[in-house]
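Hi,

Here is the structure I promised to pass on.

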Protein chains: 2
Amino acid sequence: MASEIQKNLVEKNAEYAGAFDKGHLALPPAKKYLVVTCMDARIDPAAAFGISLGDAHVIRNAGASAKDAQRSIVISEQLLGTREIILVKHTGCGMLTFTNEDAHALVKQNLGPTAAAELATLDFLPFPELDAAVKADVEFLKKSATVPDDVAISGWVYEVETGKVRQVV
Amino acid sequence: MASEIQKNLVEKNAEYAGAFDKGHLALPPAKKYLVVTCMDARIDPAAAFGISLGDAHVIRNAGASAKDAQRSIVISEQLLGTREIILVKHTGCGMLTFTNEDAHALVKQNLGPTAAAELATLDFLPFPELDAAVKADVEFLKKSATVPDDVAISGWVYEVETGKVRQVV
């Protein structure tokens with residue numbers, strides 16, 4: 001039986017598809033850029049960052065981690081031709097609220113030893129300070145041999161309280 | 001100097017922030033679910049899947065890979081209380097168009113031996129068949145000790161040609 005969440009998906013998608021007129025868009029992003037941002041429920045990248053359908057890849061993970069996004073970034077650039085990276089972390093991020101030790105302890109307590117073993121070597125990639133984390137991720141990308149030197153990289157903070165972005169680096 | 005893409009971000013964000021009235025939303029997703037979908041430029045998850053701001057985590061990577069999303073999924077469930085997973089791959093996905101060998105050869109040719117060495121052990125996670133890949137990812141999540149048995153998991157395909165979703169599993 002469909003859950004309420006699945007029913008919502010089907011109903012809202014029927015409305016969306018009924019008015020859909022973008023079936024002609026090509027696979028490679030038209031504006032040749034990619035955005036890395038957080039999975040946070042309070043961020044709507046298309047609306048908040050002005051991304052029109054078809055223009056950019058949008059990669060999202062816990063904390064907008066550049067390291068975690070590396071596979072997707074390489075595919076975006078090498079196979080689909082993107083040439084600019086916009087990285088956006090945000091205020092009030094969950095990743096500011098715990099340590100790796102906290103997360104591993106929670107997994108062991110809630111999910112048991114099998115799950116703890118499956119995740120034993122995992123870095124949850126939390127960070128203690130927001131602007132410093134943006135700078136560190138941009139630095140990681142700039143230093144990585146997997147990102148060509150002519151790819152423009154900038155780092156930003158989105159404020160979930162105001163809807164505003166500000167550039168960090 | 002700001003790029004055209006950075007200028008677009010600043011300008012469109014100023015409009016968004018000017019009309020923003022959602023600064024009160026809480027960190028944990030209100031509807032306690034997460035969506036895993038592809039970074040593809042032709043997908044707007046909020047609009048196409050009916051996700052209101054604040055309701056769900058949205059994880060996006062190349063191919064909507066559940067394996068690649070594991071860190072984010074564990075954080076979403078264990079630290080932020082989500083209880084349902086909606087996984088959506090899509091027609092025309094770039095991940096249907098290459099193999100791991102292709103990607104590694106391309107990295108070596110375009111980026112050189114240092115980058116190739118940095119990515120030597122990376123699985124790019126391409127897949128040859130769409131519906132089978134959706135089923136395999138749902139199976140991966142259901143079997144993983146890191147996802148509790150009472151988390152509902154469903155797998156879907158989004159058609160970039162029509163804007164429609166259909167449930168696979």
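The side chain of B:D40 comes to 2.7 Å from the backbone nitrogen of B:R42. Keep in mind as you read that this is a predicted model.

Where does B:D40 sit in chain B? You'll find B:D40 in the loop that runs between β1 (33-38) and α2 (45-48). B:D40 counts as buried because its relative accessibility is 3%, and the cut-off for buried is under 20%. Leaving aside residues up to four places away in sequence, B:D40 touches residues of both chains: A:L27 and A:H57 on one hand, B:R60 and B:H90 on the other.

Now for the interface as a whole. Chain A puts 82 residues in contact with 82 residues of chain B. About 7,000 Å² is buried between the two chains, with carbon and sulfur atoms giving 64% of that area. On the chain A side, A:I5, A:M39 and A:R71 lose the most area to chain B, and together they make up 11% of what that side buries.

A:R71 turns up again in a salt bridge with B:D68, where the closest N and O atoms are 2.9 Å apart. The rule finds two salt bridges across the interface of chains A and B, along with 39 residue pairs in polar contact, both residues at pLDDT 80 or more.

Which helix of chain A gives the most to the side that touches chain B? That's α1 (residues 4-18), with nine residues. By class, this side of chain A has 43 nonpolar, 24 polar and 15 charged residues.

Cheers

Notes. Residues numbered from 1 in each chain as written. Chains lettered and ligands numbered in written order. Predicted model: local features only at pLDDT ≥ 70, side-chain atom pairs only at ≥ 80, totals over all residues. Heavy atoms only, no water. Contact = heavy atoms within 4.5 Å. Buried area = accessible area lost by both parts, 1.4 Å probe. Salt bridge = Lys/Arg side-chain N within 4 Å of Asp/Glu carboxyl O. Polar contact = N/O pair within 3.5 Å; in protein donor to acceptor, adjacent residues only side chain to side chain. Helix = DSSP H or I, 4+ residues; strand = E, 2+ residues; numbered from the N terminus. Nonpolar A, V, L, I, M, F, W, Y, C, P; charged D, E, K, R; others polar. Buried < 20%, exposed > 50% of the residue type's maximum accessible area, 1.4 Å probe, protein only.
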